[in-house]
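Thanks for coming, everyone. I have a few local features to walk through, and then the interface. Please look at the structure as I talk.

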Amino acid sequence: MATETRTEAALSAAGVLRALKASGFTDVVWLPDSESGFLHQALAADDSLRLVPVCREGEAIVIALGLTVADRQPVVIIQSTGLFESGDSIRGAALSFGMPLLLIVGYRGWNYGRPMTDTAAIYLEPVLNAWGIPHHLIESDDDLERVQQAWTEAVERAGPVAVLVGQEYE
Amino acid sequence: MLAITTETPRIDCLAALDALASRRTDQIVVNTMVTAREWPAYSRNEDLDLPFIGCMGKASSLGLGIALGRPERQVLVFDGDGSLLMNLGSLVTIAAARPKNLVLIVFENGVYEITGGQPVPGQGQFSFAALARGSGLERVYEFDALEPFVAHLEEILSGPGPTFVCLKVAEVGRRSPKPGRVMGEAARRVREVLAGT
């Protein structure tokens, strides 16, 4: 269970981009959401990360694994609602291929450690726990070292690890 | 769009697989459902075969990812009609990504054969070729006879993709054998082979 408390510092697009590039990611497979929409301009303007937009989140999981089969290092960026939609892609591919995969998941409804009312938030960590997918919260640039840590964990586990974005675009 | 229809519709699915196997060289093959179960009897390069059963119709997505990651290597996806109906958005995603090395072949038999032959929704009332073209794919073929498909295979495999092919096939009509290799094992094997080339 994430227990971090709210911080005043914001999560910046430049900071996230730096963290992704420093960790060696090559492709961003994503469907924008309220927690990651602010990244679009920065991602689209950066030639070193290929942006692969998808129509549905379940596609994103499997496209990313295809890229991994092809020896690339993709990251998936989706919202918690999209993670729920991706259930069978996670079960049948992410948890069965035996390959590292970083999921950056918008934590819709995250209430900075206070009780949550949005079911998109309430069910997120229990669902990840049920799948045995480790997860780590980021709320500001101060937390971005967790991206590299999560990727290292994904490589060691040869499986998916999630970074949960606890900041909604306003 | 090329659409060829004849007096004797419905292609023998196994004959189509045989034709594909005879012309396949170093392409990666991602397949699902009935074609995944039948393909091992025809494939001559099992190390580059990736059966992908399950995940609610995501074979086209897996093929897209591999194609984007290895643009110099052609990727063939053998999809099912029921499977592609579960993931129709992937046609738009593929059209947007424009991988020149991806050939998506849907084997349309009108039923969920692997679960006993129940009809797919809208059986016979929609056109995959039209859906593909409407999604932004430009190189689209449709066949309901084997001979013209075989006659166009070289063109299909040699031209710039993304390429979409709809084969109107008959049901295999028997319980197909289960794949010998599990998905994760096959995926890791293909990854190893690609890493070494």
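Predicted model: local features only at pLDDT ≥ 70, side-chain atom pairs only at ≥ 80, totals over all residues.

Start with the side chain of A:Ser86, which reaches the backbone nitrogen of A:Gly58 at 3.3 Å.

Residues are numbered from 1 along each chain as its sequence is written, chains are lettered from A and ligands numbered from 1 in the order in which they are written, and side-chain values use heavy atoms, with hydrogens and water left out.

Where is A:Ser86 found? In the loop between helix H4 (80-85) and helix H5 (87-94) of chain A. Helices (H or I, at least four residues) and strands (E, at least two) are DSSP runs, numbered from the N terminus. A:Ser86 counts as buried because its relative accessibility is 1%. Buried means under 20% relative accessible area, exposed over 50%, partly exposed in between, with a 1.4 Å probe and protein chains only. Leaving out residues up to four places away in sequence, A:Ser86 touches A:Glu57, A:Gly58, A:Ile61 and A:Ile78. Contact here is heavy atoms within 4.5 Å.

Staying in chain A, take helix H1, residues 13-22. Its buried residues are A:Ala13, A:Gly15, A:Val16, A:Leu17, A:Ala19 and A:Leu20. They pack against strand S1 (27-30), helix H2 (40-45), strand S3 (74-79), strand S4 (101-106) and helix H8 (145-157) of chain A. Just after H1(A), A:Gly24 takes a positive phi of about 90°.

Two residues other than glycine also have positive phi. A:Tyr112 has phi near 55°. A:Tyr112 sits in the loop between S4 and helix H6 (119-122) of chain A, and is buried, at 16% relative accessible area. Over in chain B, B:Met56 has a positive phi of about 50°. B:Met56 lies in the loop between strand S3 (49-51) and H3 of chain B.

Next, helix H7 of chain B, residues 146-158. This helix has 13 residues and reaches 19 Å from its first C-alpha to its last, close to the 18 Å expected at 1.5 Å a residue. The expected span is 1.5 Å times one less than the number of residues. H7(B) has a kink of about 45°, centred on B:His152. The bend at a residue is the angle between axes fitted to the seven residues ending there and the seven starting there. B:His152 is also among the buried residues of H7(B), which include B:Phe149 and B:Leu153.

A cis peptide bond joins B:Gly161 and B:Pro162, with omega about 0°.

Last, the interface. Chain B gives 26 residues to the contact and chain A gives 27. About 2000 Å² is buried between the chains, 69% of it from carbon and sulfur atoms. Buried area is the accessible area (1.4 Å probe) that two parts lose on being put together, summed over both. Six residue pairs are in polar contact across the interface, both at pLDDT 80 or more. On the chain B side, helix H3 (59-69), helix H5 (89-97) and helix H8 (183-195) each supply at least two residues. H8(B) gives the largest share, eight residues.

Conventions: Polar contact = N/O pair within 3.5 Å; in protein donor to acceptor, adjacent residues only side chain to side chain.
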